[in-house]
Amino acid sequence: MKYKVTRRAVLKHAGLALAAAPVLGFGKAAFAADPIVIKFSHVVSPDAPKGKSALLFKELAEKYTDGKVTVEVYPNSSLYKDKEELEALQLGSVQLLAPSISKFGPLGVKEFDVFDLPFLMSDDVRARQMMSSPMMGELNAKLEDKGVEPLAYWDNGTHVYTANVPLIAPDDFRGLKMRIQGSKVLDAVARQLGAIPQIIAFGELYQALQTGVADGEDNVPSNIWTQKLYDVQKYLTVSHHGRLTYSLITNKKFWDSLPADVRPGLDRAVKESTDFFDDTAAKDNVDALEKIKASGKVQVHVLTDEEKKAWIEKLMPVHAEMQSRFGKDFIDRIYKASGFVPPQS
Ligand code: LMR
């Protein structure tokens, strides 16, 4: 039926059109802003604890914000490598990262290197006590001064060493090229063992071990398993000498500029993916060590108490050496906050 279009009719139909827009697929969306895009870059594989937690964060953030936020996850250094990702975050080219806090040196916040002091963070309870202590407020403020907002800390457990020679006594490291993450303390640890420290991006680690650019490295079993490092390393020593702690970080300006109606959903997604991470990491690292053993490709040695004593004796001087870098007072406060008691020599 043809009808005459009057102004009133136009207005009526416009009203109808507006009312009908959802049915017609225009909906509030037609008039709502595009979703806010959060790019989440990381360097591990999607099936590592951090990879799984990033995907869960995506799912929860999109659900709890009713789709007002979209999260794009870029695993395996597919968007940025280790060092690049921190620069990209400060520039606002990426909105979310979860790097190891051993890599914060380039941000100009050297204090986070302190957590790499040998055996400081070996005990799970002490490590959690440290990361939830008020002293973290002081360190978080230093990150915020650099435009980085720490949203949570993810505990990926303790390190083991791998190499193509058995690492039982401290002297077994002598002359080896050992891959380290960027921290100055990890550099000092390698040198104290008589090894040659090599900073190599995580995404290049497999190849560096395969080609002999590096002879060995330390990491958590779940990274060794998911990156198949057991294919290019013959020996693994369970030493628990260090810890892999991530910080879930965002660009402070970006986070502060988020509309009030999406923040609660994102905060909830942060909380729930953090709880998920800590549970998953604890389980995955135990499972990964069993799978590495079962592969038959790597000889696994757990340090005896006697052997560990020799490592502690060899490595404790790094604590004293680092007093010049952090100041004795700062290190004493870290000991107090974590409950760490330096062994009497
Ligand atoms: C490493 O560089 O060994 C780790 O920090 C990688 C990671 O993010 O787990």
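**Reading the model step by step**

Analyst: Happy to! Ser77 is found in the loop between β2 and α4. Helices (H or I, at least four residues) and strands (E, at least two) are DSSP runs, numbered from the N terminus. This is a predicted model, where local features need pLDDT of at least 70, side-chain atom pairs count only at pLDDT 80 or more, and totals for chains, interfaces and linings use all residues. Residues are numbered from 1 along each chain as its sequence is written, and side-chain values use heavy atoms, with hydrogens and water left out.

User: What is the phi of Ser77, and is Ser77 buried or exposed?

Analyst: Most residues other than glycine have a negative phi. Ser77 has a positive one, near 55°. Ser77 counts as buried because its relative accessibility is 16%; the buried class lies under 20% relative accessible area, exposed over 50%, and partly exposed in between (1.4 Å probe, protein chains only). Asn76 also belongs to the loop between β2 (69-74) and α4 (82-91). For Asn76, phi is near 55°, again positive in a residue other than glycine, but its 39% relative accessibility makes Asn76 partly exposed.

User: How should I judge confidence, and what is the mean pLDDT of the chain?

Analyst: The pLDDT is the predictor's confidence in each residue, from 0 to 100. Here the chain averages 92, with 90% of its residues at 70 or more. Residues 1-8 are an exception, with pLDDT below 50 and 2 contacts in the model beyond near neighbours in sequence; a contact means heavy atoms within 4.5 Å. Residues 16-26 likewise stay under 50, and for them the model has 5 contacts beyond four places in sequence.

User: Let's zoom out. How many helices and strands are in the chain?

Analyst: The chain has 15 helices and 11 strands. Its C-alpha atoms fill a box of roughly 95 × 45 × 30 Å along the principal axes. Of its 345 residues, 50% count as buried. For the way the chain folds back on itself, look at sequence separation: among contacts with a separation of 6 or more, 75% join residues 24 or more positions apart. The chain exposes about 16300 Å², of which carbon and sulfur atoms supply 56%. Accessible areas come from the Shrake-Rupley method with a 1.4 Å probe; for residues, only the protein chains shown count as cover.

User: Next, the ligand. Which residues surround the ligand?

Analyst: A residue is near a molecule if one of its heavy atoms lies within 4 Å of it. The ligand is surrounded by Val43, Val44, Lys50, Ser100, Lys103, Arg179, Gln181, Phe202, Asn219, Asn223, Leu244 and Tyr246. Three of these names come up again when you look at ligand oxygen atoms: a side-chain N or O atom of Lys50 is 2.7 Å from one, a polar side-chain atom of Gln181 lies 2.8 Å from one, and a polar side-chain atom of Asn219 lies 2.9 Å from one. On its own the ligand has 270 Å² of accessible area, and the protein covers 100% of it.

User: How do I read packing inside a helix? Which residues of α15 are buried?

Analyst: List the buried residues, then ask what covers them. In α15 (residues 328-338), the buried ones are Phe330, Ile331, Ile334, Tyr335, Ala337 and Ser338. Their cover includes α5 (124-131), α6 (135-145), α13 (317-321) and α14 (323-326).

User: Where is Ile168 placed?

Analyst: Ile168 lies in the loop between β5 (160-163) and β6 (177-180). At 27% relative accessibility, Ile168 is partly exposed. Not counting residues up to four places away in sequence, Ile168 touches His301, Leu303, Glu307 and Trp311. From Ile168 to Ala288, 120 residues apart in sequence, the C-alpha to C-alpha distance is 21 Å.

Definitions and conventions
Polar contact = N/O pair within 3.5 Å; in protein donor to acceptor, adjacent residues only side chain to side chain.
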